[in-house]
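Please examine the sequence and the three-dimensional structure shown here.

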Amino acid sequence: MPAIANTEVAEGLDAVVVDPSGEHQLQIPSTLPVLPLRDIVIYPFMIVPLFVSREKSIRAVDEALGENRMILLVSQRDLDKEEPTGEDLYSVGTAAVIMRMLKLPDGRIRILVQGLTRAHVESVEEQGEYLRANLTVLQEPTVTERSLDVEALVRNVRASMEKATNLGKNVSPEVMAIVANLDEPGRLADLAASNLELKVEDAQSVLDIIDPTTRLRRVNDLLNKEIEVLTVQQEINTQARADIDRSQREFYLRQQLKAIQAELGEGNELAEEIAQFREKIEAARMPKPAEDETLRQLKKLERMHPDAAETATLRNWLEIMTDLPWSKASVDNLDIAKAERILDEDHYGLKKVKERILEALAVRKLKEKPKGSILCLVGPPGVGKTSLGRSVARALDRRFVRLSLGGVHDEAEIRGHRRTYVGAMPGRIIQGLQQAGTNNPLVMLDEIDKVGADFRGDPSSALLEVLDPEQNNSFRDNYLGITFDLSNVMFMTTANVLDTIQSALRDRMEVIQLSGYTEEEKLEIARRHLLPKQMEETGITTRLLQISKGALTSTIQHYTQEAGLRQLEREIGAICRKVARRVAEGQTGTVRVSPKNLYDFLGIAKVSPDEILKKDQVGVATGLAWTAAGGDVLFIEALCMKGKGNLVLTGQLGEVMRESAQAAFSYAKSRAKELNIDEDDFANYDLHIHIPEGAIPKDGPSAGITLATAMVSALAGRPVRRDVTMTGEITLRGNVLPVGGVKEKVLAARRARVSTIILPQLNQRDLDEIPKELLADLRIVFVDNVQQVFREALRERAQPPTAATPRRTRLPQAATARVT
């Protein structure tokens, strides 16, 4: 224990003791606050944590901390008495010092005390808000010379402690090491008694003895008695082993338990457990079929032998059945205005999703049990799909249960295992309801697009029953063996892509697309949610840190490139942590972050913003692509070279993109005259198509018109306008077919600062879902034929080729491009 210094000494001091470290002398006052102890006796030099909950005891601790941190610890005779008086306390206690104190949320306090010396209680004052005792410090007589009796006692106690440990007494090796090196009889007696788990009466009898030798002899007697008990216990174990036949060795532990119960005179507890199960079944208010089956299994348990192997399995089944919320349901919040306010508080934007949720709430307000559709939120990582489900649960006042299905291959994860298997358990759906405690929580099935399938079954097929409103009112879990009504549960699912979801499962869900956020939306979300959250987590206040709007915008543009918000939140967290370090090192004043000093907090820019080419070039077309992380800009390069008319494709292109390139090449061949391309060039030159960032796989049909534009530009020598970007699928007849991910692609075009976007005519309807402010500075051109694309994207050739300079020598090298 560290030395206790700077202790204030009150008047009326009557005793001086040496603190346990041996470095200081502590003066014990003649009166101290009293802390009654229920079931423990504390000896000098013991360090013990105590929980204090009684009002008088808490006031006594406060008084001790206000005076000199000293308190008198006295055990009470009647453990059940809540308000003990002086007559209920033993006459000898331990003066102790309070080393630490911690207040707990439930009103209790936790203190760490160390005993100093024995003290005799002369009288107890009970008039105030706590007990206070007049005490006399009991000075322990000093043993000048150790007689043979004392030496023998010390050795005997050491040997007895060692023997008790060998017989199974739980004494730590550290304590045994102290016992082996401790020579003072009094301290050895106290240490041994504190580790014997004695009854309060026996422990108090040791505390009452002042003489070290007498006290050590008393502890030696208690040790011998404990050794006798441990020896009998070992004999019981030996006798139980002797009674077991060789063919029944697996019943050893159960026979041992029987022998112990026979020695203690205790009866079988199975009848009490069955009575408790019967009460739980009545309280659960199960449906009639479930209650009948549960009672039937309970009668079966009642007839079974307690040691039978099936007893544990049946007991676990009954516990789960009685814990399930058969009739417990939370009350929905049907206040639409309040629900809308909660959704707006938690999430900025997402207007379509919020409208759909409020519509479902309005239907529920008009009809008690509607069969609504299952909402599937699809979008890139980090756009708030899971947190949106949590907000919906809060808006409806429902419990929220999240089940992650990513990587699940076993059908039993959904339907549960049959009880015949070892370690069987219910499926995740039933476990989630048991965890929620109500039969109408909001269950979020996360990452439903990453569910696998193998020889153990297809979890997606098992989910068909769960997510079908016509079937889930009688969902059968294999472990339960009976049906459970899931119609009250509100299911929501999340996914990054729809392609990997089984078509029958996708048909049961209403898909709501969550596109990536615009820079304006990210800025507003950062100001409203991300920055306050990170400041709270790092302990930073607005007095210590101020981030300008321009700094947040620069962080979004130069340090993140994502559809969601996770990287942005990490960067804001990095700024807050650096400010927290400055404050911890003693810096005062407000730290202001602006675009000028953003480098000092985040270092060099991690992302170069998408930019269009610096000038119009031949053979380089700008396309738009969709990825799981949002929209992207890609540059497609085309180059003509001497050859035999081959089409070379590089850049790790997928099969669909290769077919689009072949279709565009065939179209250019068939319309060579219309496109002012020499037909002999197709036989005398090879055409090389390359998309940079070759380490990244690329696939999809939406690059068709971009490939065609790059090819025609290279073959005809016509530059491609650098401020035009495009997306669309091409056919052999030159028709332009619609594509998906229009909003993500428009966002990518805005980041690249282009002025014109070419889209298929049939994608015009998709612009209705894009905010008007995103289209304010963009020119959208809708086309239904690739000839319109060429007219919009290609410029006329600057000068015709001459005889001295063949056309192909004039074609520029393809510019270095970047796929973001």
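The model is predicted. The protein has 820 residues, of which 47% are buried. Its secondary structure consists of 27 helices and 28 strands. Among contacts between residues at least 6 apart in sequence, 73% join residues that are at least 24 apart.

Attention now turns to a sheet. Five strands make up an open sheet with parallel pairing, and their order is E10-E11-E14-E9-E15. Strand E10 (400-404) and strand E15 (509-513) are the edge strands, each of which pairs on one side only. From one strand to the next, the twist averages 25°. Within this arrangement, strand E9 (residues 374-378) runs parallel to strand E14 (residues 490-495), and four bridges join the two. A particular pair of residues can be located here: Val378 stands opposite Ala495 in E14.

A helix also belongs to this picture. Helix H15 (residues 428-436) packs on the sheet, where it touches E10, E14 and strand E11 (442-446). The direction of H15 makes about 150° with that of E10.

Helices may pack on one another as well. How are helix H19 (residues 549-559) and helix H20 (residues 566-584) placed? Their axes lie 10 Å apart, and the two helices pack at an angle of about 125°. Angles from 65 to 115 degrees count as roughly perpendicular and those over 145 as roughly antiparallel; H19 and H20 are therefore oblique to each other. The crossing in which H19 passes H20 is right-handed. On the side of H19, the contact is made by Leu552, Thr555, Ile556 and Tyr559, while H20 contributes Gln567, Leu568, Glu571 and Ile572.

Finally, helix H4 (residues 185-194) illustrates burial. Is this helix mostly covered or mostly exposed? It is mostly covered, for eight of the ten residues of H4 are buried. These buried residues are Pro185, Gly186, Leu188, Ala189, Asp190, Leu191, Ala192 and Ala193.

Conventions. Residues are numbered from 1 along each chain as its sequence is written. This is a predicted model: local features need pLDDT of at least 70, side-chain atom pairs count only at pLDDT 80 or more; totals for chains, interfaces and linings use all residues. Side-chain values use heavy atoms; hydrogens and water are left out. Buried means under 20% relative accessible area, exposed over 50%, partly exposed in between (1.4 Å probe, protein chains only). Contact means heavy atoms within 4.5 Å. Two strands pair if DSSP finds at least two bridges between them. Axes are lines fitted to C-alpha atoms, for helices over the stretch in contact, and angles run from 0 to 180 degrees between N-to-C directions. Angles under 35 degrees count as roughly parallel, over 145 as roughly antiparallel, 65 to 115 as roughly perpendicular and the rest as oblique. A crossing is left-handed if the near helix is turned anticlockwise from the far one by less than a right angle, and right-handed if clockwise.
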